[in-house]
Amino acid sequence: MTGEPRLDRAIAAIDAANADDPFTLAIDGVALPKEQTHAEMMTRWVRELDPEASEELLLAARAHHIRRWMIPRSTFPSGRTAYLRWRRALHSVHAELTAAILEECGYPRRSVERVAALVAKADLLQAGDSDAQTLEDALSLVFLDTQLELLLDDLDDSQLKRALGRTWRKMSANGRAAARRLTLSPRAVESLSRLVDGFADE
């Protein structure tokens, strides 16, 4: 199969793989499977940020955290070095699971490798890959949309500015403009505007 039917099959398979997530994300007061919901939000943001998004980019958005709960952070020691090892392990698993699904759905090797590279990060963002940047923007937008309110309660201004700074610096001008359009509480809007004001928009 080619075209949309194949894309629909692949997305359905990715969603099925995420459907038994033991963790949940509260959306409008409803608890939903976290990674499945996260993937749906990523897909919507990618479509908004890039209306001409390729099939490979849409698949990478849907699968970027596939079955993330399989490797808990607690399986690695504390500390930054161990954290980075955990992230690399996750990227590898995400890429492998995604590639297997795409192969089963009949995607050509070139497409499978492209999606796997996007999911695995593969230094594409540092190389200026536009699809990798769109994924980073979408990921940052989902983070701000779902986590900013929680961070306002958990972090002081200095900690919050550092956290937002790390996110803001990774976003493109297009992503930052979208962030300023997010539907957030007045408190979150004020905090976001105030704390990122010192970061350049170029």
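Me: Which residue in β2 is the bridge partner of Ala26?
Reply: The model is a predicted one. Strand β1 covers residues 24-27 and strand β2 covers residues 30-33, and the two pair in the antiparallel sense over four bridges. Ile27 stands opposite Val30 in β2. For Ala26, the bridge partner in β2 is Ala31.

Me: Is Val30 buried, partly exposed or exposed?
Reply: Val30 lies in strand β2, where it stands opposite Ile27. Its relative accessible area is 44%. Buried would need under 20% and exposed over 50%, with partly exposed in between. Val30 is therefore partly exposed.

Me: How many Å apart in space are Val30 and Leu184, C-alpha to C-alpha?
Reply: Along the sequence, Val30 and Leu184 are 154 residues apart. In space, their C-alpha atoms are separated by 17 Å.

Me: What is the order of the elements in the protein chain from the N terminus on?
Reply: The secondary structure of the protein chain comes to nine helices and two strands. From the N terminus on, the order is α-β-β-α-α-α-α-α-α-α-α.

Me: What is the radius of gyration of the protein chain, and how does it stand against the globule rule?
Reply: Along its principal axes, the C-alpha trace spans about 50 × 40 × 35 Å. For 202 residues the globule rule gives 17 Å, and the value for this chain is close to that, so the chain is as compact as a globular protein of that length. The radius of gyration is 17 Å.

Me: Among contacts between residues at least 6 apart in sequence, what percentage join residues at least 24 apart?
Reply: A contact here means heavy atoms within 4.5 Å. Of the contacts in the protein chain between residues at least 6 apart, the share that joins residues at least 24 apart is 64%.

Me: How many of the nine residues of helix α3 are buried?
Reply: Helix α3 covers residues 55-63 and is mostly covered. The buried residues include Glu56 and Arg62, along with Leu57, Leu58, Leu59, Ala60, Ala61 and Ala63.

Me: Is the aromatic pair stacked, edge-to-face or tilted?
Reply: The structure holds one aromatic pair. The rings of Tyr83 and Trp86 have their centres 5.7 Å apart and their planes at 50°. Planes under 30 degrees apart would count as stacked and over 60 as edge-to-face. The pair is therefore tilted.

Me: Why are Tyr83 and Trp86 separated by about one helical turn?
Reply: An α-helix has 3.6 residues a turn, so residues three or four places apart point the same way. Tyr83 and Trp86 both lie in helix α4, residues 80-104. The reason for the separation of about one turn is their spacing in that helix, which is three residues.

Me: Which residue of the pair counts as buried?
Reply: Tyr83 has 25% relative accessibility and counts as partly exposed. The limit for buried is under 20%. At 9%, the buried residue is Trp86.

Me: What separates the C-alpha atoms of Arg73 and Tyr83?
Reply: Arg73 lies in the loop between α3 and α4 and is partly exposed at 26% relative accessibility. Leaving aside its neighbours within four places in sequence, Arg73 is in contact with Ser78, Gly79, Ala82, Tyr83 and Trp86. Arg73 and Tyr83 are ten residues apart along the chain, and their C-alpha atoms are separated by 7.5 Å.

Me: Is Asp123 buried or exposed?
Reply: Phi is near 50° for Ala122 and near 60° for Asp123. Ala122 is partly exposed at 42%. At 58% relative accessibility, Asp123 is exposed.

Methods
Residues numbered from 1 in each chain as written. Predicted model: local features only at pLDDT ≥ 70, side-chain atom pairs only at ≥ 80, totals over all residues. Heavy atoms only, no water. Phe/Tyr/Trp six-rings, centres within 6.5 Å; stacked < 30°, edge-to-face > 60°. Buried < 20%, exposed > 50% of the residue type's maximum accessible area, 1.4 Å probe, protein only. Rg over C-alpha atoms; globule rule 2.2 N^0.38 Å. Pairing = 2+ DSSP bridges.
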